[in-house]
Amino acid sequence: MALSIMLSACGSAGGESSNATSGEAKASGELEGKCTILQYETTATAQYKGWQKGLAEFQEENPSLDVEWSSTNFESFRSNAKVLLSGGSVPDVVLVNTGNADAGQLASQGLLDPLTDLVEENGWDKELNGAVSALAKYDDNGNAGAGEWYGVPSTASYFTFYYNKDLLAEHGITEMPSSMAELETVFDDLLKAGVTPISSNAGEHAVLQTWWQLISQDASREEVDNFILLAGPADITGGAFAEGTKHLEEWISKGYLGHQLAGLKADDMERAFIAGEMPFMANGTWSFNRINEEAPFDWGLLEFPEAKLTAGTSGHLWAIPSDAKNKECAKAWIEKTLSESVQGEIGRLGGIPVMVDPSTIEDERMKEMNETFQLLKSEDRLSFYPDYPVPGLLDHQVAGLQGLVSGSQSGEEFLAEMKDYYESNK
């Protein structure tokens, strides 16, 4: 079976190749054989750059290890993961997406090794808890939230507002609102001045995440866990789901998010914000580095006011395929990604490492972003992302929300159809 995944490998440390078997990770300098690391983060991200620092250290510490660093892209890996992890040439350690539809399925199919012992031996379970650990654990049916650890995250993200301080000051706004009502008054005033308040898109995932954040505004931990973790009956057509969807419809009808959203992609949204066309952009912290590098104006981050929960969770998981040949290397690599050196580098470069002391980060915006995440983590206020529960839900949600922004579907119709899909596939 031909794979559509194109891999690009970089050079590695020298050494003779061998088939090392599973077992406890050896001490630094004792690892040997060939070790393949497969990932799909783009080269511009803080985590990729942090991992490159870790890779250089890893190779220096293990001169007899032949390390092959391979890269693919997110969608290609998701589409071909089962084939790739059960074929004749299996990576030793691989990055996998969180959620029942991805890591959960791979775990339940026996394609990933449980990593609970590794996690507990390193004490990571003490630091990674609540919503940050929930999507790293899966039961025998592949449902998240309980069972064995099948992967370990090294980064995280959350959903927020970016705002253009200079543009807002031009319209007399110098202090950020502390309530949703005050924020919407700002939006109304901007519209009166002929300015679209929020840069967004429905061609990819920004409207989807905004919808989920507006649900998270008033959702309880139980409502979220029932939906995401299948912990109990999910009230998809009522409660916080109904309120949040109605809230999004109001934002769309008022024009807060602009128009022609279905044809816009993430790059379009970011470019419009950077160009100063809209004073706000609702998106994840994954946009931080681009805004930090390209925005020609003073800007800041604003949490959604009065939110009980915030969309966000731990990042993609480092996992060990069951058929990997060099599992000692795989365990050592995961340990390296959670080392103080690599975690500190990710934070310094504008990412959110799962284990870092924000006071060690010098850049004030980066420090603020990491302080916010650590607070959300400690208070268990992260509500995950909405596509995790069942396979195919992401495409279903994106298509439904495109109908919502175009006016071809009502919020009630969208929720009813999503409920049918969710119940049929969970």
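1. Disulfide count. The model holds one disulfide, a term used here for a pair of cysteine sulfur atoms within 2.5 Å. This is a predicted model, in which local features need pLDDT of at least 70, side-chain atom pairs count only at pLDDT 80 or more, and totals for chains, interfaces and linings use all residues. Residues are numbered from 1 along each chain as its sequence is written, and side-chain values use heavy atoms, with hydrogens and water left out.

2. The linked pair. Cys35 and Cys329 form the disulfide, with their sulfur atoms 1.9 Å apart. Cys35 lies in strand S2 (residues 33-39) and Cys329 in helix H14 (residues 327-337), so the link joins distant parts of the chain, 294 residues apart; helices (H or I, at least four residues) and strands (E, at least two) are DSSP runs, numbered from the N terminus. The link is left-handed, with -80° about the S-S bond.

3. Burial of the pair. Cys35 has a relative accessible area of 0%, and Cys329 is also at 0%.

Conventions: Buried < 20%, exposed > 50% of the residue type's maximum accessible area, 1.4 Å probe, protein only.
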